[in-house]
Amino acid sequence: SAGVVHLRRLAKVTVVESARPSCLATTTTSPGKPTPSSGRLDIRTGTKATGATVEESRVLVTIDKDGATEVLDADYVLVSVGRRPALHGVDAAALGLHVGPRGEVIVDDQMRTNLPNVFAIGDVVGGKLLAHKAEEEGVVAAEVIAGKPAHMHYDSIPGWSTPGLSGDRRPH
């Protein structure tokens with residue numbers, strides 16, 4: 001991610017994460033890599049950015065955690081928002097396709113929908129919106145279609161972007 005690039009340049013990076021505190025709380029470390037204890041990486045989980053103001057060459061970002069507000073003074077701001085499953089051009093209601101509260105297609109552990117012979121994989125089923133997750137879902141769906149007893153196991157899918165800031169515990 002861009003934050004990791006700036007960390008490699010010895011900058012101080014503050015990550016403001018509102019949705020999933022556990023995602024960033026499980027960082028892996030190795031010698032020479034930035035950590036929260038190095039003072040260069042500040043991870044604020046359960047926190048929302050509520051506003052920002054540009055003043056000359058800096059950005060003042062207002063954040064809120066449990067009603068307590070704070071203003072961060074930054075040189076740069078990278079905004080990364082969550083994606084939602086999107087079924088552009090598909091009328092799920094007309095088809096009778098069951099969808100969840102965020103618009104995700106509801107599937108079982110074999111990637112089957114509620115409709116006979118209709119499978120769904122990738123971003124439309126929600127969960128981690130990662131290419132390697134979608135690829136594994138596709139393999140499971142193909143194996144089930146071929147009559148094999150396959151099942152999706154999400155716990156085996158790493159949630160990583162770079163070795164330095166990840167939930168992946170494999171050695172790097």
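**Figure 1. Confidence along the predicted chain.** pLDDT is the predictor's confidence in each residue, on a scale from 0 to 100. This is a predicted model, and its chain averages a pLDDT of 75, with 70% of the residues scoring at least 70. Strand β5 has the highest confidence in the chain, at a mean of 91, whereas helix α2 (residues 21–25) has the lowest, at 45. Two stretches stay under 50: residues 1–7, with 11 contacts beyond four places in sequence, and residues 22–34, with 23 such contacts. Where pLDDT is low, the predicted coordinates should not be read in detail.

**Figure 2. Overview of the elements.** The chain has 4 helices and 7 strands. Starting at the N terminus, their order is α-β-α-β-β-β-β-α-α-β-β. Of the 172 residues in the chain, 26% are buried. The chain exposes about 11400 Å², and carbon and sulfur atoms supply 54% of this area. Among contacts between residues at least 6 apart in sequence, 41% join residues at least 24 apart.

**Figure 3. The open sheet of β3, β4 and β5.** Three strands form this sheet in the order β3-β4-β5, with antiparallel pairing. Strands β3 (48–55) and β5 stand at the edges; each has a single partner strand, so one side of each is left without a neighbour in the sheet. From one strand to the next, the twist averages 20°.

Figure 4. Strand β4 (residues 58–65) pairs with strand β5 (residues 68–74) over 7 bridges in the antiparallel sense. Within this pairing, I63 stands opposite E70, and L60 has D73 as its bridge partner. The two strands form a hairpin with 2 residues between them, and D66 in the turn has a positive phi of about 55°.

**Figure 5. Surroundings of K48.** K48 lies in strand β3 and is exposed, with a relative accessible area of 53%. Leaving aside residues up to four places away in sequence, K48 touches V16, S18, T62, I63 and D64.

Figure 6. Side chains of opposite charge can pair when their charged atoms come close. The chain's count comes to 5 salt bridges. In one of them, the side chains of E70 and R44 meet at 2.9 Å, N to O. E70 lies in strand β5 and R44 in strand β2 (residues 41–45), so this pair ties together parts that are 26 residues apart in sequence. E70 is partly exposed, at 35% relative accessibility. D42, R44 and E70 are linked in a network of salt bridges. In another salt bridge, the side chains of D73 and R58 meet at 2.5 Å, N to O. This pair links distant parts of the chain, with D73 in strand β5 and R58 in strand β4, 15 residues apart. R58 is partly exposed, with a relative accessible area of 32%.

Figure 7. The side chains of K133 and E137 meet in a salt bridge of 2.9 Å, N to O. Because K133 and E137 are 4 residues apart in helix α4 (residues 131–145), about one helical turn separates them. Buried means under 20% relative accessible area. K133, at 1% relative accessibility, therefore counts as buried, and E137, at 0%, counts as buried too.

Note on methods. Residues numbered from 1 in each chain as written. Predicted model: local features only at pLDDT ≥ 70, side-chain atom pairs only at ≥ 80, totals over all residues. Heavy atoms only, no water. Pairing = 2+ DSSP bridges. Buried < 20%, exposed > 50% of the residue type's maximum accessible area, 1.4 Å probe, protein only. Contact = heavy atoms within 4.5 Å. Areas by Shrake-Rupley, 256 points an atom, 1.4 Å probe, with all protein chains shown as cover. Axes fitted to C-alpha atoms, helices over the stretch in contact; angles between N-to-C directions. Salt bridge = Lys/Arg side-chain N within 4 Å of Asp/Glu carboxyl O.
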